[in-house]
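Dear colleague,

Please look through it before going on to my notes.

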Amino acid sequence: MLPEIHTKIPGPKSIALAARLAAHECRNVTFMNKDFPVFWLKAEGNNVWDVDGNRYLDFTSAFGVTGLGHSPPEVVTALTSQATELIHGMGDVHPTELKVAVCEKISQMTFERWNNAPAKIILGNTGFEAIESALKTSQLATGKPGIVTFENAYHGLGYGSLAAGGMKRFRDPFLPQLADIGHSLPFPQCTCGQSLECSAECLNTLEPLSLQLRNTLQNSQVGAILVEPIQGRGGKVVPPSGFLPMLRKICDDTGTLLILDEILTGLNRCGHLFACEASGTIPDIICLGKSLASGLPLSACVGSAELMDQAWPESDGEAIHTTTHLGNPPACAMALASLDLHSNPALASQVQERGQLLRSMIETIDLPTRGAIRGRGLLLGLELLTVGGKPDRATGTGFVVHALKNGFIVLTSSPEGNVLSLVPPFDIAEEEMRSFTNCLQEYLAFSNT
Ligand SMILES: Cc1ncc(COP(=O)(O)O)c(C=O)c1O
């Protein structure tokens, strides 16, 4: 469905709700200005409606959660039937069959597919909880507290994730409370055009990083390397194709764990069931979240059963890591339905195809403010630069507002806020992409005059 043009955004109901929210929600949570936010009322497929009746095409998949679209019928059925049975259980004391089934399914889709060996899983609610379960696993398995992460990584905002690493703007206000466990190294960027096989020249750029990494591992008590296969919030940065295999090799040589944060890149978003599969890299631990349950909070720290059993002792009745809502029944029911849909191999090819189409449409926009088009599958980013080649945050934020008025929800990313994030649902239609790129082209032409 093509988007609608809205003359008055935000509408009167959104404006009134913003005033009420500002009175009682802590500052710094919901961003508000004269153009923001619109309050959502309902969503279906690729579309969202706000409280004033305006419809938008969602080019964000709502933070990468709704790759399968908003409210896929199979997931809604799973949720509604579960809602009348059991909404809340006692996840780590008296669990449900659903929790069993979700763990089995995740195991089948990861380590059983990769290694023919079972996985063991710690479920969580939000993404950063999965990361923190992985960090705890690293400590228990290796006895070493240190974690190598990469500049501009985003692993969530819990204290464990922040202690490991991440963007300065999220860490700096809380530095005095963060444990000193992180070793941050530069994240390498593909320079040859981001095919699945980089050129020899591009691969050679990894050499200094390899030395730096080996040096860090030799001189510090590092238990694990934590990395996103493609940096999402960091600006859709794709590393050279040899990067993950290089990390795998270094981890194998040094007895370090490789933790992949696939909270955003996993579950077909990048045109493979998991992004690491593009380079045939098998992690020790993979973290999942976001689209796992297509809309209710559910995350998973997934490791080989061998590693997880080595790290975690049997519970003596008091689990040393759990949460009240662990294995929430409706979230598990939705996850099972979502994972069934994600298991269809045709979905990965569909994402590759549509991602290629969207990329080629963006490539035809030939204007001075366009930098690199980055990313893979339907996790794409358009870097916006000034005519002088500097990060152009203003054009990014300007377009986000312009797009909203033209019926598109879109966001920016990267530390400088100058990368337009293109993260649409997987069945985004050609005409929907075309209308979006036309809107972008018009805006960029206008902003350059
Ligand atoms: C790669 C990655 N890891 C972790 C997280 C944190 O997930 P959550 O916001 O659910 O805690 C995010 C969220 O954007 C993410 O993109």
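Predicted model: local features only at pLDDT ≥ 70, side-chain atom pairs only at ≥ 80, totals over all residues.

Residues are numbered from 1 along each chain as its sequence is written, and side-chain values use heavy atoms, with hydrogens and water left out.

The protein is divided into domain 1, made of 12–58 together with 346–447, and domain 2, which covers 77–342; these bounds come from an automatic or database domain assignment. The C-alpha centres of the two domains lie 26 Å apart, and the contact between them (heavy atoms within 4.5 Å) takes 22 residues from domain 1 and 26 residues from domain 2.

Together the domains bury about 1800 Å², with 58% of it on carbon and sulfur atoms, where buried area is the accessible area (1.4 Å probe) that two parts lose on being put together, summed over both. Of the area that domain 1 buries against domain 2, R374, R376 and L379 supply 40%, more than any other three residues.

Between domain 1 and domain 2 there are zero salt bridges, a salt bridge being a side-chain nitrogen of Lys or Arg within 4 Å of a carboxyl oxygen of Asp or Glu.

On the side of domain 1 that touches domain 2, helix 14 (346–363), strand 11 (370–376), strand 12 (379–384) and strand 15 (419–422) each supply at least two residues, and the largest share, five residues, comes from helix 14. Helices (H or I, at least four residues) and strands (E, at least two) are DSSP runs, numbered from the N terminus.

The ligand is surrounded by T126, G127, F128, Y154, H155, G156, E228, D261, I263, L264 and K290, each with a heavy atom within 4 Å of it. An oxygen atom of the ligand lies 2.8 Å from a backbone N or O atom of G127, and a polar side-chain atom of K290 lies 2.8 Å from an oxygen atom of the ligand. A polar backbone atom of Y154 is 3.3 Å from a nitrogen atom of the ligand.

The structure holds 13 salt bridges, and one of them joins the side chains of R55 and E4 (3.8 Å, N to O). Because R55 lies in strand 3 (residues 55–58) and E4 in the segment before helix 1 (12–24), the pair ties together parts that are 51 residues apart in sequence.

Lastly, the backbone: most residues other than glycine have a negative phi, and most peptide bonds are trans. A cis peptide bond joins I9 and P10, with omega about -5 degrees, and P10 lies in the segment before helix 1. Another cis peptide bond joins F36 and P37, with omega about -10 degrees; P37 lies in the loop between helix 1 and strand 1 (40–44). N28, also found in that loop between helix 1 and strand 1, has a positive phi of about 80 degrees although it is not a glycine.

With best wishes

Definitions and conventions. Polar contact = N/O pair within 3.5 Å; in protein donor to acceptor, adjacent residues only side chain to side chain.
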